[in-house]
Amino acid sequence: MIQATGLTSARRRNHAPAIDDLTFEAPPGHVTALLGGPGAGKTSALRLLLQLDRGHGSAFFRGRPLHRIRRPAREIGVLLDDVPGHPGRTVRGHLRMLGAAAGVPAARADVVLDVVGLTDLADERLGDLAFGMERRLGIATALLGDPHTLVLDEPARGLSVRETGWLNGLLRGFADQGGAVLITTEDAEGVTRVADRVLTLEEGRLVADQAVDEFARTRLRPRVVVRSPLAGRLAAVLEEEADAAREAAAAERRAERAAAAEAAARAQAEEAAAEGEVKAGITVKARLGGLGRSKDKAKAEADAAAPGGAGAPVADTEAATVPVPVPAPGAAPHASAAAPGSGAAADMEPETEEEAVADPFSVVRDDETRISVYGLPSASVGETAYRHGVVVHRLVEETADLGPATPAGIRAREPQASPSRVLHRLRLPGPAWPMRYELRRATGVRTGWLIGAVALALSLLASVLLAREGGGGELHRLTGWPADLPLPPIAIAAGLLGALAFGDEFRYPALAPARDAVPHQLGLLVAKFAICAVGATLLSLGAIVLDSAALLLLVGGNAVPLPSDWPVLMASVFGLTIGCSWAGLLAAGVFRSTALGLATLLAVPLLAVPVVRRAMDEPSLHSLVGLPHRLRAVALDRPPSTLNRGVAAVLRLAGQPVGQALMLSVAVLLFAYALTGLRGRRARP
């Protein structure tokens, strides 16, 4: 059940709102269609309904606003614009990733693929799908979470006639199971084949709310659109000629009715005359039949037939031979049908009422230079304009009308194609698995693997070159960190992977309709932090192992002297890469861009490190800046243990300018991230 009240888009300067005070309902068990031409505001209405655009008004889904629904994918299935997904991800992987966020089992992906007929394309990449297959995948995505409501923007766009019939059957089956379906369309004729109710939008306003039968009867009519500088004169001429034609037709109908009445009276007179002739013939026959009788009996009959005999023998003869009336040719089969005011007149009344309603002609003045003519072919309109000297700039026939309502014939629905399989409802909702979602998001495309491989290769090459030149310290050699780079290659790669974790969410928004709230979901944020940390650790470990092995094989054992505090050194590398990945993650979440996230990460050593070093040189801040060094010294004076070594590693990293700048940047970005989350919640309509 969808209830929208007073939806109004945010006003822009010198522009009318895209949606103005839109109020409607989409009840369960019905398919509701938003109908309108390009620019009517259909997509804007859906975005307002799903709180993706700013505006005013309220929208409730089964009595709850969208921001109060914990998992929107289990309540609303959405298809907006193109398929929201990374083009390098497989069809099955895309659905399984979204299923983890919605709390549905992985097998649900194969079920919805079977329903939409994409089982054979489950291993194809999203970028390789044809447009019609993309629309099918979008519908499968909407059905994945077993929603109670479907909100689909132009679901039949790009589909063939056969695929459109399949889609209509699927939507009807979903509605028959008790679901609410809201779609948008520009096809006024096609909407009658699937919708139960049609809401017509024009310039962001609701101009009609009709049942589909009423819509087909009153508004789905052919018309002729005429553009002319003398459109008003042409409309007046057409109306005058139409009035004259109506009067002539009425006079002709009256003449026909008078002729029919005269013919009925003539038939009645002929029938009466025929009845009289029959009776006379019977009387003559009865009289001639007594000539063969005896004279005595004839004399008795003559005496009885004399005045005063009451005609008894004649009455007996008529009783023996019953007269049967024979209808005249062309007369009514029953005598009552030919009676004045009975059968013939009754048969003519329905024809009169039908003729009174059957006149479809009307002229609508749309503006000063445009009129719409109903009930006349374009040839008649053009001929009338030519006879009266009216210049016509444009004259075209249209098959559908969104104009005013006048009586017209009801269009019967075409038979619907049934879906190949009914999608069964899930029994119980499962818990959301944001960690599983993030893991499938990170590993489901080749981008992350390529970035990691390139970073390891660059680190290996730089490490060997640094060892042969004899430059750099232990940290620089083990991580392949040239002095010209602000960060080691593995740290930059970790920051890029962190930026992609949120950047792809904005570039390829998969978690619709809550795409605006994706960066501010706490469970998803924790999962991204964990996956980024694991990825950064694996990158660091791989770089250290590969660089050490390469140095031992290519340069020699003296190239990498094993330091006594190697655990602390490794922990420093891990901490640096993890901090970079988190900084890139938070920057992309704040600025909603992968490029800006990576740029923010690279700005840390270039801008923040000089500031930290300058602060360390200030006498007033020397005691505060040297706190990590003193804490590290205290920790190292104690007996060594695993905990102390870990603390020492953290303090060692914090004692370096890069580490301090990185921690400062992460803290600032985390604060900014929290502010954007609060602002996003307050900005929701």
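Predicted model: local features only at pLDDT ≥ 70, side-chain atom pairs only at ≥ 80, totals over all residues.
**Salt bridges and a nonpolar surface patch**

Glu75 is a buried residue, with a relative accessible area of 3%.

What does the side chain of Glu75 meet in a salt bridge? The partner is Arg62, and the N to O distance is 2.9 Å. Arg62, for its part, is partly exposed, with a relative accessible area of 44%. Glu75 counts as buried because its 3% falls under the 20% limit for that class.

Let me place this pair in context. How many salt bridges does a search of the whole structure find? The search gives 21, and I shall discuss two further examples.

The next example is formed by Arg92 and Asp110, whose closest N and O atoms are 3.0 Å apart. Arg92 lies in helix H2, residues 91-102, while Asp110 lies in helix H3, residues 107-116; the pair therefore ties together parts that are 18 residues apart in sequence. Arg92 is partly exposed, at 22% relative accessibility. Asp110 is also partly exposed, with a relative accessible area of 33%. I would ask you to view this pair together with its network: salt bridges link Arg92, Arg96, Asp110 and Asp123.

I turn now to Arg136 and Glu163. Their side chains meet in a salt bridge with an N to O distance of 3.7 Å. This pair links distant parts of the chain, with Arg136 in helix H4, residues 131-144, and Glu163 in helix H5, residues 161-176, the two being 27 residues apart. Are these two residues buried or exposed? Arg136 is buried, and Glu163 is buried as well.

Finally, I leave the charged pairs and consider the surface. Which residues make the nonpolar surface patch of about 320 Å²? They are Leu553, Leu554 and Val555. Leu554 lies in helix H16, which covers residues 522-555. With a relative accessibility of 54%, Leu554 counts as exposed, because the limit for that class is over 50%.

To close, I return to two residues. Thank you for your attention.

Terms used. Residues numbered from 1 in each chain as written. Heavy atoms only, no water. Patch = residues over 30% accessible without salt bridge, like charges linked within 9 Å, V, L, I, M, F, W, Y side chains within 5 Å. Areas by Shrake-Rupley, 256 points an atom, 1.4 Å probe, with all protein chains shown as cover. Salt bridge = Lys/Arg side-chain N within 4 Å of Asp/Glu carboxyl O. Helix = DSSP H or I, 4+ residues; strand = E, 2+ residues; numbered from the N terminus. Buried < 20%, exposed > 50% of the residue type's maximum accessible area, 1.4 Å probe, protein only.
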